[in-house]
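Hello,

Here is the structure I promised to pass on. Please open it and keep it in view while you read my notes.

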Amino acid sequence: MLNFLFSAVGKFLWWIARQIARLIAWLTVQAVLHPRTTATAATVTGSVAWLGWQLVVSTAGLALVALSTWKAAHPRSFEQGVGTWARTWWHKWWIYRRQWHTAFTRCDLTVQAGSEVFIPKLKGVRSTPWWDHLMVELPVGQSPKRYEHDETADALRLAFKGERIVIKRREPRLVELAFMRRDPLLSIVPATAIPASVADIDWRRVPVGLNEFGQPYTVSLLGGHTACAGSTNGGKSGLGWNILRAIAPAIVAGLVRPIGIDPKLKELSQGLPLFAQGDYVGLNTPDLPEATLALLERLVAEMNEANERDGAAGERDFVPRKGRPLTLIIIDELAPLLKYWPRRIRDKIDDALGLLLTQGRAAGFIIIGAVQEPTKDVFSIRDLFTRRLALRLPTESHTEAALIEKAVDFGAACHEIPESLPGVLYSLQDGAKSTVRARLGYVTAEDIDELVAYVEEAGKVVELDWIREELGGIDITAEDLGVSA
């Protein structure tokens with residue numbers, strides 16, 4: 001009996017010792033893997049031991065009040081100084097590390113070699129108010145294509161309870177997994193602000209809205225032409241108006257010459273003062289199809305002259321400047337020009353647009369075109385537009401007709417955009433088989449009135465300065481010219 005008792009006690013003590021050893025080993029590993037958490041816990045424990053829990057609790061309460069006051073008084077600096085760090089730490093520990101092994105195992109994203117199983121390593125986490133960006137190192141033998149498969153990506157998104165997932169290749173064996181926690185595009189995006197001066201304009205990054213990462217969504221006015229497709233009330237007009245607001249100082253300075261083609265006789269008519277005489281066709285234009293053809297043929301002739309001058313001067317890259325403005329051709333609806341007007345006119349318009357789209361970039365003739373029905377029989381010149389945006393569309397086939405074949409497989413879900421979110425769009429990401437989701441700024445009638453008033457008032461100031469310069473610096477006032485200052 002005694003032998004049995006001593007044997008049982010010995011086994012129990014040995015089991016306890018093993019468990020304690022395992023606990024110590026686990027704590028050691030965790031301390032090494034999570035040095036910041038370890039240091040924080042050690043600091044708190046030491047403070048309680050040396051200072052007493054009352055003083056520690058009081059200090060923590062004061063710190064909480066100070067941080068709350070900071071956040072209320074200046075949210076931006078609080079986010080940069082504390083919010084991002086705290087959110088990243090919490091998400092990394094609670095959402096990802098805690099479930100990492102289970103999620104990747106059940107999503108079949110491991111590599112087995114013999115009896116060993118290798119799991120991708122989490123190299124870093126960066127959290128924003130809307131997204132978590134994870135840098136993941138792939139084990140040897142695993143390809144990034146495994147993650148790009150629709151079912152696998154969706155399973156991984158659901159495993160970590162994300163609303164959306166975006167996968168990007170960064171380096172060999174290194175991919176970025178971005179999980180959306182909140183959607184920044186649910187709220188209306190305000191119209192693009194009018195810059196203070198021409199110096200604030202970046203011609204290759206003109207802001208027109210907000211992307212799903214909470215950053216400015218931009219388009220280029222130098223690298224090529226842009227087409228925007230979308231159903232009725234999808235928000236297509238926002239592209240042109242936001243561009244005009246973003247480059248308003250350049251219009252005033254004579255660095256941009258806007259051209260308006262308005263087949264619907266409505267969308268661009270509110271901005272008539274922005275267009276020079278003869279540079280707008282639409283409202284009150286007799287025989288609109290003929291007038292549109294005449295305008296496009298005149299632009300082709302001007303483009304040819306510009307290219308000829310540039311060729312003689314050895315100039316290859318266009319830059320807007322005095323005496324050589326960027327000619328920005330905004331076409332509110334392409335369908336009548338390409339499909340519904342009389343064929344004898346359409347054929348000539350198609351030829352003129354083809355010349356402008358293929359030769360206009362180098363001469364500074366850039367087209368911004370909108371189309372409601374981007375099917376092949378209507379939007380026949382799709383591939384001549386360097387950049388293509390797609391807003392809400394009725395079917396997957398319309399999405400692929402507007403962007404590129406298999407665009408839906410790359411993530412463009414234009415047919416899933418609800419009517420309650422006008423301006424939300426998808427565009428193909430440069431150099432990648434993935435899409436960018438964004439929302440155009442919502443331009444109201446008041447925003448257009450503000451743009452027109454700015455151009456008219458600022459134009460008077462520029463004109464007055466030019467007259468003073470021509471007169472050799474003689475002081476002259478607005479009243480002398482019979483206009484208001």
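A residue counts as buried when its relative accessible area is under 20%. Keep in mind that this is a predicted model.

Start with helix α12, residues 343–363. Its buried residues are I345, R346, I349, A352, L353, G354, L356, L357, G360 and A363. Look at the spacing in that list. An α-helix has 3.6 residues a turn, so residues three or four places apart point the same way.

What do the buried residues of α12 pack against? They meet α10 (288–313), β12 (326–331), α11 (335–340) and β13 (365–371).

Now the shape of α12. The helix has 21 residues and spans 29 Å from its first C-alpha to its last. That is close to the expected 30 Å. Even so, α12 bends by about 40 degrees at L357, one of its buried residues. Just after the helix, G364 has a positive phi of about 80 degrees.

Next, the sheet. Four strands form an open sheet in the order β3-β4-β6-β5, and the pairing is antiparallel. From one strand to the next, the twist averages 20 degrees.

Strands β4 (131–137) and β6 (174–180) are joined by 7 bridges. There, D132 faces F179 of β6. Helix α4 (75–97) packs on this sheet and touches β3, β4 and β6. Its direction makes about 140 degrees with that of β3. Helix α7 (150–159) lies across β5 and β6, at about 110 degrees to β5.

Best wishes

Terms used: Residues numbered from 1 in each chain as written. Predicted model: local features only at pLDDT ≥ 70, side-chain atom pairs only at ≥ 80, totals over all residues. Heavy atoms only, no water. Pairing = 2+ DSSP bridges. Helix = DSSP H or I, 4+ residues; strand = E, 2+ residues; numbered from the N terminus. Axes fitted to C-alpha atoms, helices over the stretch in contact; angles between N-to-C directions. Contact = heavy atoms within 4.5 Å. Expected span 1.5 Å × (residues − 1). Bend = angle between axes of the 7 residues up to and from the residue. Buried < 20%, exposed > 50% of the residue type's maximum accessible area, 1.4 Å probe, protein only.
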